[in-house]
Amino acid sequence: MQPEPAVPIDPRRILAMGGGGFTMPEEDRSEALDRFVLELTATAVPRICFLPTASGDPREQVTRFYERFGDWPCEPSTLSLFHLGRDRIDPVAHILAQDALYVGGGSMRNMLAIWREHGIDEAMRTAWHRGVVLAGLSAGAMCWFEGGVSMSGGRPEVVRGIGLLPGSLSVHLDGEPERLQLYEETVGSGELASGLAADDCAAAVYRGTELAECVVSRAGARVVTVAPDGCGGAVRRALPVRVLPGAAAPGGDALTASHGVSELRALRAGRQRWE
Amino acid sequence: MEHRPLEHRPRQIVAFGGGGFSMEWGNTLLDDFVLGLTGVVRPRVCFLPTASGDADHYVVRYYRAFSAERCEPSHISLFRRETGVGDPRAHLLSQDLIYVGGGSLVSLLGTWRAHGLDAILREAWEAGVVLCGGSAGALCWFEHALSGFHEGPTRVIEAMGMLPWSCAVHFHEEHGRRESYLEAVTAGMPAGFGAGDSAALHFVGTELAEVVSSRPQAGAVFVSRGADGSLSERDLPVRYLGESALNELQDAALAA
């Protein structure tokens, strides 16, 4: 007989990606992190809903989402807050009916403002407590924390998040020195709480409000902690990472056959690269 | 000594029940009308596509409709960082016409409030910049708006409130829109306007100056509640903007 656990298991899960997954430019578009989102649900055929709010619900991201998740064992759907009439979805009910929510990148300020108007921020909190996996990249990762550094206004600026997770997050660590600089300055000055900075293809996994592990879809991708150094500056410390199955080689791109096919399809469809 | 501004421009808003370049491609009557209201030969026009999530195709169509031959076109994207103007306030206040695209009113209001655009647009209005738009781009100027197609189930939304009225768009064309609006006014929503597709409400200050249209059969109504609670729905006179053009064509045909 199995003994009952003394403490109920905390169902809350968040996957915060510095970048990566299906919405990224091709060199960072490995499948490993997207597969990992489904794995975190611990459900055979999870219901997963994509929210492209931060980019203004562009059709292209929706197409790419179905290209990636359409053939996998899951029930994919998308929620566009700009087209509720067309899609005939009750946004809050739909969110609460999922096993995973996948939030795209873009403008964190716009996304949170729109979410507030539609009551999505509260729905996200409820979903999290019920064990719906919250996943996202860039703006869709920083939003779960107390705050982050957004570049969507052109210049880097501090933007407050929903605050499900304590601390702060900065993203695209490897590609955007301006963002990292403001992040370190604001953590150093105390404007932002200590937190993490993550490369493209690197993600932090939270169980409850605790960091459980860091995973990467490209060998060499990093997650670092950023904390005040006591002299007004900040100190960085690298965290151990687990390389996910199917990850790309360092700096390179492990194109699989299916990846190549979807690229070809994208080219044929004449779609532009997403910024 | 009395100080008078060099130029006093009235506050003007034109709310399309539907129409303009995004809905009536090839029929430029409403867009010509708002350009004409600026009183400037080559007006500066800024497009705000926020309600569509700054959809690329919408921005492209805007630049085709508002070509550099007839105006100085620009747009402000609040989602695409690479296309930003440096200072949105300075840019908007320097325009002759601000044209707001359709889409989701709720998402538009949320995004504008996050960027302080609601206050900037009020300032522009008071400075005499002509404000216009269709669908969500029409509803946003009113105190209360009956939500359109993009919001899902119909509801009343508090918008920016420059115009102390309520409003509904696509009034005769969208199924159930008129009935929902009459119900909402009966239930206590302030009096206001139902504008059909191709009909545009032209406000000077906060009062309706006239209704113009880009199709002869377009219509608009004023809906209010009497002291006894009874509902009144009054058809408004509509001036078809194409009449003179139509007559010219006919004259030319007769002369030929």
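Buried area is the accessible area, taken with a 1.4 Å probe, that two parts lose on being put together, summed over both. In this predicted model, the area buried between chain B and chain A is about 1,800 Å². Carbon and sulfur atoms give 51% of that area.

**The interface of chains A and B**

The contact draws on 24 residues from chain A and 22 residues from chain B. One salt bridge is found across the interface of chain B and chain A. This salt bridge joins the side chains of A:Glu117 and B:Arg113, with an N to O distance of 3.5 Å. On the side of chain B that touches chain A, helix α4 (residues 105-115) of chain B gives the most, with seven residues. Sorted by class, that side of chain B comprises six nonpolar, 11 polar and five charged residues. Five residue pairs in polar contact are also found across the interface of chain B and chain A, both residues of each pair being at pLDDT 80 or more.

**The eight-stranded sheet of chain B**

In chain B, eight strands form an open sheet with mixed pairing, in the order β3-β2-β4-β5-β1-β10-β11-β14. Its edge strands are β3 (72-75) and β14 (238-240) of chain B, each of which pairs on one side only. On average, and with direction ignored, neighbouring strands of this sheet are turned by 20 degrees against each other. Strand β11 (residues 207-213) of chain B runs parallel to β14(B), and three bridges join the two. Within β14(B), B:Val238 stands opposite B:Val211.

Helix α1 (residues 29-37) of chain B packs on the sheet, where it touches β1 (12-16), β2 (44-48), β4 (97-100), β5 (130-134), β10 (199-204), β11 and β14 of chain B. The direction of helix α1 makes about 175 degrees with that of β1(B). B:Leu29 is a residue of this helix. Neighbours within four places in sequence aside, B:Leu29 is in contact with B:Ser214, B:Tyr240, B:Leu241 and B:Gly242. B:Leu29 and B:Ser214 are 185 residues apart in sequence, yet their C-alpha atoms are 5.3 Å apart in space.

**The six-stranded sheet of chain A**

In chain A, an open sheet of six strands has the order β7-β6-β8-β9-β12-β13, and its pairing is mixed. The edge strands, each pairing on one side only, are β7 (157-160) and β13 of chain A. Neighbouring strands of this sheet are turned by 30 degrees against each other on average, direction ignored.

| Helix of chain A | Strands of chain A touched | Angle between directions |
|---|---|---|
| α5 (residues 108-118) | β6 (147-150) and β7 | about 20 degrees with β7(A) |
| α8 (residues 177-189) | β6, β7, β8 (168-170), β9 (195-198), β12 and β13 | about 40 degrees with β12(A) |

Strands of a sheet pair through backbone hydrogen bonds, either parallel or antiparallel. Strand β12 (residues 223-228) of chain A pairs with strand β13 (residues 234-238) of chain A in the antiparallel sense, over five bridges. Along this pairing, A:Val226 has A:Arg236 in β13(A) as its bridge partner, and A:Pro228 stands opposite A:Ala234. β12(A) and β13(A) form a hairpin with five residues between them. In the turn of this hairpin, A:Gly230 has a positive phi of about 85 degrees.

Notes
Residues are numbered from 1 along each chain as its sequence is written. Chains are lettered from A and ligands numbered from 1 in the order in which they are written. This is a predicted model: local features need pLDDT of at least 70, side-chain atom pairs count only at pLDDT 80 or more; totals for chains, interfaces and linings use all residues. Side-chain values use heavy atoms; hydrogens and water are left out. Contact means heavy atoms within 4.5 Å. A salt bridge is a side-chain nitrogen of Lys or Arg within 4 Å of a carboxyl oxygen of Asp or Glu. A polar contact is a pair of N or O atoms within 3.5 Å; within protein, one must be able to donate a hydrogen and the other to accept it, and residues adjacent in sequence count only if both atoms are side-chain atoms. Helices (H or I, at least four residues) and strands (E, at least two) are DSSP runs, numbered from the N terminus. Ala, Val, Leu, Ile, Met, Phe, Trp, Tyr, Cys and Pro count as nonpolar, Asp, Glu, Lys and Arg as charged, and the others, Gly among them, as polar. Two strands pair if DSSP finds at least two bridges between them. Axes are lines fitted to C-alpha atoms, for helices over the stretch in contact, and angles run from 0 to 180 degrees between N-to-C directions.
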